[in-house]
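Here's a quick briefing for anyone meeting this structure for the first time. Have a look at the sequence and the model, then read on.

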Amino acid sequence: MAVGRRVVILDYGSGNLRSAERALARVGADVTVTADWDAALEADGLVVPGVGAFSACMEGLKSVRGDQIVGRRLAGGRPVLGICVGMQILFEKGVEHGVHTQGCGEWPGTVERLDAPVLPHMGWNTVSVPAGSVLFDGIEAGTRFYFVHSYGVRDWRLTAGPGFEQPLVTWAEHGVPFVAAVENGPLSATQFHPEKSGDAGAALLDNWLRTL
């Protein structure tokens with residue numbers, strides 16, 4: 001385990017804070033749940049959780065200057081992990097019930113309703129992991145992770161360019177393919193809940209902690 005890494009879970013009024021705290025502590029992190037600006041900037045790693053509506057999460061994030069914290073950490077190469085809606089708000093915008101909300105804009109793309117016969121997508125699902133993934137290192141193909149969502153990113157738009165490596169994008173499917181995880185330098189995110197995904201989620205969190 002990556003024992004002793006200092007991790008802040010950003011408390012902006014959304015997310016399964018205590019379950020995330022317990023899951024990270026389980027794999028050896030020194031975890032603090034707070035909205036404190038300095039603590040969030042100075043931690044080895046920052047976790048941005050999120051549940052509920054995209055617009056409400058963005059409102060809460062901005063209320064604690066969380067969007068600025070994320071941007072400043074990434075500018076300095078400091079790791080950030082988004083979970084569920086905490087992943088979604090990293091994208092350019094979200095569309096829910098006709099309401100368009102600007103996200104953090106770290107990645108291009110739109111969070112939109114999945115085209116599936118049954119929503120929400122709730123329960124265990126497999127993922128398709130790209131070669132070279134660090135988050136999923138040592139996790140067997142076909143392993144299932146726990147999802148709870150009705151919205152997602154169905155179209156990945158960021159490609160490699162001069163001096164810029166292609167992010168590693170993991171996919172899942174529920175009615176349509178959607179982005180299940182992204183690894184992009186210091187910025188990582190999962191649509192599923194690693195803190196609710198048992199041993200597989202613990203292994204993924206441990207892998208992330210080892211990058212800090």
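**A first look around**

Leu90 has its place in the loop between helix H5 (85-88) and strand E5. Keep in mind that this is a predicted model. From that loop, the tour moves on to the strands, a helix, the cysteines and the cavities.

**Leu90 and its surroundings**

- Leu90 is buried, with a relative accessible area of 1%.
- Which residues does Leu90 touch, leaving aside its neighbours within four places in sequence? Its contacts are Val70, Gly82, Cys104, Gly105, Glu106, Trp107, Leu187 and Ala189.
- Two of those names come back below: Leu187 and Ala189 both belong to one side of strand E13, while Trp107 turns up as a bridge partner in strand E7.
- Leu24 makes a handy distance check: Leu90 and Leu24 are 66 residues apart in sequence and 21 Å apart in space, going from C-alpha to C-alpha.

**The four-stranded sheet**

- Four strands make up an open sheet in the order E6-E5-E7-E10, and the pairing is mixed.
- At the edges sit strand E6 (99-102) and strand E10 (151-153), each of which pairs on one side only.
- Going from one strand to the next, the twist averages 20°.
- Strand E5 (residues 91-96) and strand E7 (residues 107-113) run parallel and are joined by three bridges.
- Helix H3 (residues 54-63) lies across E5, E6 and E7, and runs at about 30° to E6.
- As background, strands of a sheet pair through backbone hydrogen bonds, and they can do so parallel or antiparallel.

- Strand E13 (residues 187-190) is covered on both faces. Leu187 and Ala189 are buried on one side, and Ser188 and Thr190 are buried on the other.
- Strand E4 (residues 80-83) runs parallel to E13, and four bridges join the two. Val80 has Leu187 as its bridge partner in E13.
- Strand E12 (residues 176-184) is also joined to E13 by four bridges, but these two run antiparallel. Here Val182 has Ala189 as its bridge partner.
- E12 and E13 form a hairpin with two residues between them. In the turn, Gly185 has a positive phi of about 60°.

**Cysteines**

- How many disulfides does the model have? The count comes to zero.

**Cavities**

- A search of the whole structure turns up two cavities of 30 Å³ or more.
- The largest cavity has a volume of about 40 Å³.
- Its lining is made up of Asn16, Ala20, Pro49, Gly50, Val51, Ile83, His193 and Glu195.

Note on methods:
Residues numbered from 1 in each chain as written. Predicted model: local features only at pLDDT ≥ 70, side-chain atom pairs only at ≥ 80, totals over all residues. Heavy atoms only, no water. Disulfide = S-S within 2.5 Å. Pairing = 2+ DSSP bridges. Axes fitted to C-alpha atoms, helices over the stretch in contact; angles between N-to-C directions. Contact = heavy atoms within 4.5 Å. 1 Å grid on protein atoms, 1.4 Å probe; cavity = no way out; pocket = protein on both sides within 12 Å on 5 of 7 lines; lining within 4 Å. Points joined across faces, edges and corners; volume = space filled by probe spheres on them. Buried < 20%, exposed > 50% of the residue type's maximum accessible area, 1.4 Å probe, protein only.
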